[in-house]
Amino acid sequence: MGEGREARKSESTSGDLAASPFRADRDRIVASPFFARLGGVTQVVSASGSGLLHNRLTHSLKVAQVARAIAERMCADPAVAPRLAELGGCDLDVVEAAALAHDLGHPPFGHLGEQELDRLARHRFGLPDGFEGNAQSFRIVTTTDTAGPAGAGLDLTAAVRAAMLKYPWTRRSHPEPHPRELPSPPRGASEPADEPGTGSSKFSVYVTELDDMVQAREPFAARLATWQQTVEASVMDTADDIAYAIHDLEDFYRIGVLQHAPVATELGRWLTGAFELAELDDALLLRHSRRPGYSLEVLRRRLHRRDSWIVDDDAFVAAVARVRTELVDNLLATPFDGSAEAEQAIGRFSSGWTVRLVAGMGVTLDPPTRSGHVQLAPAQWHEVQVLKFVHRRFVLLRPDLALHQRGQARLLASLVQALEQWVTDRYESNRLPRRLQDLVALAEHEYRTLAETDMSTLVGAVGEPPQGTAGIRELARGRAVIDFVASLTDSQAANLLEALSGRSAQPWSDAFVL
């Protein structure tokens, strides 16, 4: 693989049990308290008391399992292996380590928490990068975790750090030209339609960790465009999509949220009326998107607009038909009752889809900007889109879930406000949790260093750089509060707010383990 791929930020590997540096990386990630906390972090809705089996920890383990299976299959294929070598290689331990680490930065309450912390980071604190779960994961392994030999980050190899970068760019500034400015931007690089001028909607690195990203990707500079994933990152990203498409559906079938009738009606109406629906006006479709078949037609048109490089109407029809047969007719037709037979049905559904999707992986040397070098075959790609549609349409868009999530968003906003007041209270700031004090000092050092080299990187949501030492200190406090809240589990966040609101009956210390 070469020395460049194995390079660490420091040379120390003392205390590692594994001889392979990549295996040592995997062990460090698994031993991290940030990894352990994922067992208490929401995947879609809080698992506690809901009957759901998956949280961010189980999701990460399944992504690692799928990612390693993909890598093993490709490396063993004599037709594919030479292409992998040409693109920089595909090491099984690198793929597994990156998959295990990819969600380390996800905050309490899953994607809802990510959106709320980003809003607070940009608009309340004026942080130039806001908050992004992938960038937070990279910040943890390079900066805020203290378990590595150097005491700053985990001191992972360049290969594993590069493999964690799903979106190898910052929100606004790097690389130049920025990927969001390409005629067809990579997936995640475009600006949110409702917030123009705010930078990419997805990114994997904050400006504070930019040097780590540049160093990690340097060995791949001659092989990859600045915005392209490494092969190992592409494997991890695809495995994440597969796990998300399959395993969340299992959970919501178990608890009765994903039901036969509405899914069967949506898919069946589209299959029988596809030609009729194709004639409808876009505005009419959106206005009546709750009518059976309409939402699926909206998806088909969206795929044509965004992914013309692969989308095909015949493949889309076949994907809808397969999902209807295997999900609706074979699984959802019989309500889950906890029996051995029901568990076996879920097992067949999960393993059958996983095997099929892993078998559909291939490698291309010249992918379109919307894809990595590792790609699903067209049939499987369309099937993943339909599975993800079912999850979004019949789980994520449910009004009762929205009610639950609005409460969680208010909880996070109140917690951030309470911690901000504590951090800025000159009479009480010396009694902050030690971890929060350390994060303030760390962020202040980072922002002061950036201000000395390139003040433009610190221009936040207000469009102005921080003003002097006081401005740097204010930014640092904001980043520290966001880092601290993002490191909590769902229950830690709720319990800490109870304590800070004076509603806790006893001294509370559970969150301070990080």
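The largest nonpolar core here has 91 residues, and the ones with the most contacts inside it are Ile29, Ile70, Met74, Val235, Leu258 and Val390. A nonpolar core means a set of buried Ala, Val, Leu, Ile, Met, Phe, Trp, Tyr and Cys residues joined through side-chain atoms within 4.5 Å. Buried means under 20% relative accessible area, exposed means over 50%, and partly exposed is in between (1.4 Å probe, protein chains only).

A quick word on what you're looking at: this is a predicted model, where local features need pLDDT of at least 70 and side-chain atom pairs count only at pLDDT 80 or more, while totals for chains, interfaces and linings use all residues. Residues are numbered from 1 along each chain as its sequence is written, and side-chain values use heavy atoms, with hydrogens and water left out.

- Helices (H or I, at least four residues) and strands (E, at least two) are DSSP runs, numbered from the N terminus.
- Another core, of 44 residues, lies apart from the largest one, and among its members are Tyr206, Val423, Leu458 and Leu497.
- Touching, or contact, means heavy atoms within 4.5 Å.

**Two pairs of helices**

- Two packed helices are described by the angle between their axes and the distance between the axes. The axes are lines fitted to C-alpha atoms, for helices over the stretch in contact, and the angles run from 0 to 180 degrees between N-to-C directions.
- Helix α11 (residues 231-254) packs with helix α16 (residues 340-359) at an angle of about 170°, and their axes are 10 Å apart. So α11 and α16 are roughly antiparallel. Under 35 degrees counts as roughly parallel, over 145 as roughly antiparallel, 65 to 115 as roughly perpendicular and the rest as oblique.
- On the α11 side the contact is made by Ile242, Ile246, His247, Glu250, Tyr253 and Arg254, and on the α16 side by Glu343, Ile346, Phe349, Ser350, Trp353, Thr354 and Leu357. Sorted by class, that contact has seven nonpolar, three polar and three charged residues. For these classes, Ala, Val, Leu, Ile, Met, Phe, Trp, Tyr, Cys and Pro count as nonpolar, Asp, Glu, Lys and Arg as charged, and the others, Gly among them, as polar.
- Helix α2 (residues 21-31) and helix α6 (residues 92-101) pack at about 15°, with axes 8 Å apart. That makes α2 and α6 roughly parallel.
- In this second pair, Phe22, Arg23, Arg26, Ile29 and Val30 of α2 meet Asp93, Val94, Glu96, Ala97, Leu100 and Ala101 of α6. The classes here are seven nonpolar, no polar and four charged.

**Residues to look up**

- Arg139 sits in helix α8 (residues 133-144). At 0% relative accessibility, Arg139 counts as buried. Arg139 touches Thr144, Tyr206, Thr208, Glu209, Leu442, Glu446, Arg479 and Asp483, again not counting residues up to four places away in sequence.
- Phe394 belongs to helix α17 (residues 378-396) and is buried at 10% relative accessibility. Its contacts, not counting residues up to four places away in sequence, are Val257, Leu258, Pro262, Val263 and Glu266.
- Ser308 is in the loop between α14 (294-306) and α15 (313-332), and with 58% relative accessibility it counts as exposed. Ser308 and Arg370 are 62 residues apart along the chain, and their C-alpha atoms are separated by 9.7 Å.

- Most residues other than glycine have a negative phi, and most peptide bonds are trans.
- The peptide bond from His174 to Pro175 is cis, with omega near -5°, and the one from Glu176 to Pro177 is cis as well, with omega near -5°. Pro175 is in the loop between α9 (158-163) and α10 (210-217), and Pro177 lies in the loop between α9 and α10 too.
- Phe109, in the loop between α6 and α7 (110-124), has a positive phi near 70°. Phe109 is buried, at 6% relative accessible area.
- Asp155 has a positive phi as well, near 55°. Asp155 is found in the loop between α8 and α9 and counts as buried at 3% relative accessibility.
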